[in-house]
Amino acid sequence: MSDAKQEILSIKRDSNNIDGQILNFLKTDPISPGSTLADAVMVTLKAHWLPLVLYSIGVRGEKLRLPTIWALHQLEAQARLIRRICGIDT
């Protein structure tokens, strides 16, 4: 039985700069109860890159459509949240 290959990402940033503050925010204010920093990072990465990754590996049609709709929904919801919290009317 073979072990599944895993990608490992480690991010270390000085807690006094904005990158470190973003990581700390994601650790202390998770996007959903029970989620971890890794979960928050993966949701963010998927929202930004999943449709492009799928397209790049040849996924087309309905198999591309649904993940793309999900990603766009995530990004649009985040944009609405940022506008509301930061008081930006567009």
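Predicted model: local features only at pLDDT ≥ 70, side-chain atom pairs only at ≥ 80, totals over all residues.

Residues are numbered from 1 along each chain as its sequence is written, and side-chain values use heavy atoms, with hydrogens and water left out.

**The whole chain**

Show the chain as a cartoon, and you will find 3 helices and 0 strands, where helices (H or I, at least four residues) and strands (E, at least two) are DSSP runs numbered from the N terminus. The radius of gyration, taken over C-alpha atoms, is 16 Å, well over the 12 Å that the globule rule gives for 90 residues, so the chain is more spread out than a compact globule; that rule is 2.2 Å times the number of residues to the power 0.38. Along the principal axes, the C-alpha atoms fill a box of roughly 40 × 40 × 25 Å. Of the 90 residues, 14% count as buried, a word that here means under 20% relative accessible area, with exposed meaning over 50% and partly exposed lying in between (1.4 Å probe, protein chains only).

**The second largest pocket**

Next, select Leu 9, Ile 11, Leu 23, Leu 37 and Val 41, which, of the 14 residues lining the second largest pocket, lie nearest its centre. A pocket is an open set of points on a 1 Å grid over the protein atoms alone, where a 1.4 Å probe fits, with protein on both sides within 12 Å along at least five of seven lines, and lining residues have an atom within 4 Å of a point. The elements that give two or more residues to this lining are α1 (18–28) and α2 (37–56), and α2 gives the most, with 5 residues.

**Ser 35**

Now select Ser 35, which lies in the loop between α1 and α2. Is Ser 35 buried or exposed? Ser 35 counts as buried because its relative accessibility is 16%.

**His 73**

Finally, move to His 73 in helix α3 (residues 62–86), a residue that is partly exposed, with a relative accessible area of 44%. Select Ala 47 as well: His 73 and Ala 47 are 26 residues apart in sequence, and their C-alpha atoms are 8.5 Å apart in space.
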